[in-house]
Amino acid sequence: MAFDYDKYIRPGKLPHIWCPGCGHGIVMKGLIRAIDTLGLEKNNTAIVSGIGCASRLPGYLDFCTLHTAHGRAAAFATGVKMARPEMNVICVGGDGDGTAIGGNHFIHACRRNINMTYIVMNNNIYGMTGGQFSPCTPTGAKASTTPYGNPDPAFDVAKLAIGAGATFVARGTAYHATQIDKLIVEAVQHKGFSVVEILDDCPTTYGRRNKFKSVIEMMNRLKDIAVPVKAAEKMTPEQLQGKIITGVLFKEERPEYTAEYAKVIERAKGGK
Amino acid sequence: MDKKLPTIEIIEKYCKGCHICVEFCPTKVLEMKGFVASVKNLEACIKCMQCELRCPDFAIKVTA
Ligand SMILES: Cc1ncc(C[n+]2csc(CCOP(=O)(O)OP(=O)(O)O)c2C)c(N)n1
Ligand code: SF4
Ligand code: SF4
Ligand code: SF4
Ligand SMILES: [Mg+2]
């Protein structure tokens, strides 16, 4: 049976604004299927974003949504979660939004281990503003601001999240569509701050500058570089050169922020 | 194998002609007709749903 996405999309919002072959639409569909699997209620679920092409996502969804300031999704989402801890809170946004201007909010949300999910749609570029390099642009790649090749090393978003204290970290790709919803389901079920990085494609501002002849070439690259966690365990570092490990990369249990904060409130009221 | 053919609906006003469904269909059921995807060989469809899952534009629906 065809999946009924319409049930979760605000009437009259399609077609969306994303370019032909932009992976953001594939991620949005994965998120919708995950929400359907989890049975999350529209009135009890907040989807929060900053600014960017990726951050346009909440506008399409018929949930409680917040489209905030550039890089501030995690900050606004923290406010929502503190005021209404019973709500499901999901942040979505791009690599620029989450790791450049919003990098600070991102790492501190990881450190706090507040119970929400953050989906980073990593297309290695500032898509919306015409292709300036982001902290996730690979070394040597071309962007409008690195016409001779990017001298900077790129962030590994998953490693950044693990290092900063996120308690669930997973990675998928826009090519591996069936895996996207599975990772998001697990992330939302995890009690604590969960990060799902989806390697994405921006054919318009990244692909064209970096010698990808088509969307298909970009998709094939995602297909070729992805190695599932289990397969990676059996591979040597040489074999893993140029590959990216996908699946659930990290998971641990640690006290969750809203629960700890409730205890602070109790103490302040004179209990213990 | 189940002989009943699926229905593949392509919503032309949503399709942006990215070629993803055509390229990654394992049995080459789909083709581009001008700027939009279209069904070329329905008999070959194995109902894997990959086209529907990967279409970034909500433009293709497979009902098995
Ligand atoms: C305070 C502020 N600075 C800069 C901008 C301009 N701006 C808009 S979107 C964007 C980058 C978005 O990149 P990313 O988050 O990777 O999303 P993508 O468009 O690639 O999906 C920038 C720099 C802004 N809107 N606000
Ligand atoms: S500019 Fe890039 S990220 Fe933005 S919609 Fe187009 S392809 Fe997607
Ligand atoms: S369901 Fe599978 S076999 Fe059928 S058209 Fe789609 S991708 Fe091809
Ligand atoms: S994947 Fe979707 S948008 Fe792309 S050509 Fe096929 S039907 Fe059209
Ligand atoms: Mg980006």
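**Working chat: buried rings and a mixed sheet**

Colleague: Quick one. Tyr8(A): buried or exposed?
Modeller: Tyr8(A) counts as buried, because its relative accessibility is 9%. Buried means under 20% relative accessible area, exposed over 50%, partly exposed in between (1.4 Å probe, protein chains only).

Colleague: What kind of model is this?
Modeller: This is a predicted model, where local features need pLDDT of at least 70, side-chain atom pairs count only at pLDDT 80 or more, and totals for chains, interfaces and linings use all residues. Residues are numbered from 1 along each chain as its sequence is written, chains are lettered from A and ligands numbered from 1 in the order in which they are written, and side-chain values use heavy atoms, without hydrogens and water.

Colleague: How many aromatic pairs over all chains?
Modeller: Ten. Rings of Phe, Tyr and Trp (its six-membered ring) pair if their centres lie within 6.5 Å; planes under 30 degrees apart count as stacked, over 60 as edge-to-face, and the rest as tilted.

Colleague: How do Tyr8(A) and Phe63(A) pair: stacked or edge-to-face?
Modeller: Tyr8(A) and Phe63(A) are stacked, 6.0 Å centre to centre with 5 degrees between the planes. The pair links distant parts of the chain, 55 residues apart. Tyr8(A) lies in the segment before helix H1 (24-38) of chain A, Phe63(A) in the loop between S1 and S2 of chain A. Helices (H or I, at least four residues) and strands (E, at least two) are DSSP runs, numbered from the N terminus.

Colleague: And Phe63(A), buried or exposed?
Modeller: Phe63(A) counts as buried, at 6% relative accessibility.

Colleague: What about Phe106(A) and Tyr118(A), stacked or edge-to-face?
Modeller: Phe106(A) and Tyr118(A) are edge-to-face, with 5.1 Å between centres and 80 degrees between planes. Phe106(A) is in helix H4 (residues 103-112) of chain A, and Tyr118(A) is in strand S4 of chain A, twelve residues apart. Phe106(A) is buried, with a relative accessible area of 1%. Tyr118(A) is buried too, at 2%.

Colleague: New topic. What order do the strands of the sheet take?
Modeller: Eight strands of chain A form an open sheet, in the order S2-S1-S3-S4-S6-S5-S8-S7, with mixed pairing. Two strands pair if DSSP finds at least two bridges between them. The edge strands are S2 and strand S7 (226-228) of chain A, each pairing on one side only. The twist averages 20 degrees from one strand to the next.

Colleague: Which strands of the sheet does helix H5 of chain A touch?
Modeller: Helix H5 (residues 157-164) of chain A packs on the sheet and touches strands S4 (116-122), S5 (168-173), S6 (193-199) and S8 (244-251) of chain A. Contact means heavy atoms within 4.5 Å. The direction of H5 makes about 175 degrees with that of S5(A). Axes are lines fitted to C-alpha atoms, for helices over the stretch in contact, and angles run from 0 to 180 degrees between N-to-C directions.

Colleague: Why is S1(A) largely enclosed?
Modeller: Five of the five residues of strand S1 (residues 45-49) are buried, so S1(A) is largely enclosed by the rest of the structure. Thr45(A), Ile47(A) and Ser49(A) point one way, Ala46(A) and Val48(A) the other.

Colleague: What does S1(A) pair with over five bridges?
Modeller: Strand S3 (residues 88-94) of chain A, in the parallel sense. Ala46(A) has Val89(A) as its bridge partner there.
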